Amino acid sequence: MEHPNDLILQMHIDGELDEEARQRLQAHLTHCATCRERLRGWELLSQTIQASAPPEEAFSRSGIFWARLAGKLPQKPPSPWPWAPYLPPILLGLAAICLDVLLTLAFGLSTLAWLGFLPSFGSTFYHWLEGSPFKSLFSLFIPQGIPGPWSQLIASPGTMGMVLALVFFGGGLLVVTVLYLSWALCWTRLDRSAQKGGG
Amino acid sequence: MSEREGPTERELIQAAAAGNMGAFAQLVQTYRARVLRTAYGLLGSLEEAEDVAQEVFIKVWKGLPNYRPSGSLANWLYRITVNTAIDTLRKRHETFPLDGQELDPQPHPEETVLRHDRQSQVRAAIQALPSNARAALILREYEQLSYKEIAAVLQIPLGTVMSRLNYARNRLKELLEETS
């Protein structure tokens, strides 16, 4: 074997030579005093560098380090979903749009039915509600004892269906609007308190 | 009755990522010395090493929720430490020259070598190396990382790790011979 270069000797010291290369180098070193000396030089340098590493006592004690660090850490790490705070307005907005569309459709279809272009929308909706899972909700809005001329008016399935559509979609829209405003109120309060805390 | 072992590193990481400061304190306790030693090796100043270590752990705290362990936590920490220390060196070089190679009006590391004991001489000689070679050398000699681990930390090919180490050691040898 030829004399190994410095890279090989350093790899040997670092334990990075594979078994075959290591054995070849060992065989060479047994009869080459020059390379043994070179290897010793690199070993010595490596030991010298390692000895120059500062001892742990050179740094501030663990408790002091942590006390200093803890004061700088934000109380909570940032959310992995930074868009999460925006979900409530987005979802409420989508719900409001859906309810608005349904309400407009109900009005539009009722108008078309009233003009005679379609069968009665109110009746269709009324009969659909009777067979739907919303039946229990529906029963809540059935007037049990409406006085005077109103009882005549609401007794017709067409009008009743129209009234229920208004109550369902309009009421839903109202609930969503209230939730939206509540969220906005909480958000601005949180924002104000965060600003106070930060300032 | 079997004893319940403490939480694993993975559990600590998950808890710290969820905002548990106690778990994070344990991680800091585990890695503090390694981060400090690496930062010191790159900066040559205890004070700056402490500041860099603080900055590293703040970055880790902020980054933990998005941390996806593709390698070991230690390697991730070493990478942040090296990058933060190199940033600090860059800031320092806005007022002082680069890597002891260009213009150097006052405290040249090679000159300070003459004034101190052997360990200080070695430390000063290490500081005279270019930062990329110094990073590889510190990770190998102070931290005992394998070439593969150094390559992963510094995100360089294995061959580059070997050549940087070889350069750093040869240059260090020259510097120490000049001063002894």
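# Exercises on a two-chain model

In this predicted model, 20 residue pairs are in polar contact across the interface of chain A and chain B, both partners at pLDDT 80 or more.

**Exercise 1. Describe the side of chain A that touches chain B, and the area buried between the two chains.**

Step 1. List the elements. Helix H1 (6–13), H3 and helix H4 (62–70) of chain A each give two or more residues to the side that touches chain B. H3(A) supplies the largest share of that side, seven residues.

Step 2. Count the residues. Chain A brings 34 residues to the contact and chain B brings 46 residues.

Step 3. Take the area. About 3800 Å² is buried between chain A and chain B, with 63% of it from carbon and sulfur atoms. Of the area that chain A buries against chain B, 17% comes from Ile49(A), Phe59(A) and Phe65(A), more than from any other three residues.

Step 4. Four salt bridges are found across the interface of chain A and chain B. Arg32(B) and Glu56(A) form a salt bridge through their side chains, at 3.2 Å from N to O.

**Exercise 2. Decide whether helix H7 (residues 131–141) of chain B is enclosed or open, and find what covers its buried residues.**

Step 1. Count the buried residues. Of the 11 residues of H7(B), 10 are buried, so the helix is largely enclosed by the rest of the structure. Among them are Arg134(B), Leu137(B), Ile138(B), Arg140(B) and Glu141(B).

Step 2. Look for the cover. From chain A, helix H3 (33–51) is part of it. From chain B, the cover includes helix H2 (21–43), helix H4 (73–92), helix H6 (118–127), helix H8 (147–154) and helix H9 (158–179).

**Exercise 3. Locate the largest nonpolar core and the contacts of Phe24(B).**

Step 1. Take the core. The largest nonpolar core holds 77 residues, and Phe24(B), Phe57(B), Leu154(B) and Leu172(B) have the most contacts inside it. H2(B) gives the most to this core, 11 residues.

Step 2. Follow Phe24(B). Beyond its neighbours within four places in sequence, Phe24(B) touches Trp66(A), Leu69(A) and Leu73(A), and in chain B its contacts include Phe57(B), Val60(B) and Trp61(B).

How values were computed. Residues numbered from 1 in each chain as written. Chains lettered and ligands numbered in written order. Predicted model: local features only at pLDDT ≥ 70, side-chain atom pairs only at ≥ 80, totals over all residues. Heavy atoms only, no water. Buried < 20%, exposed > 50% of the residue type's maximum accessible area, 1.4 Å probe, protein only. Helix = DSSP H or I, 4+ residues; strand = E, 2+ residues; numbered from the N terminus. Contact = heavy atoms within 4.5 Å. Core = buried A, V, L, I, M, F, W, Y, C linked by side-chain atoms within 4.5 Å. Buried area = accessible area lost by both parts, 1.4 Å probe. Polar contact = N/O pair within 3.5 Å; in protein donor to acceptor, adjacent residues only side chain to side chain.
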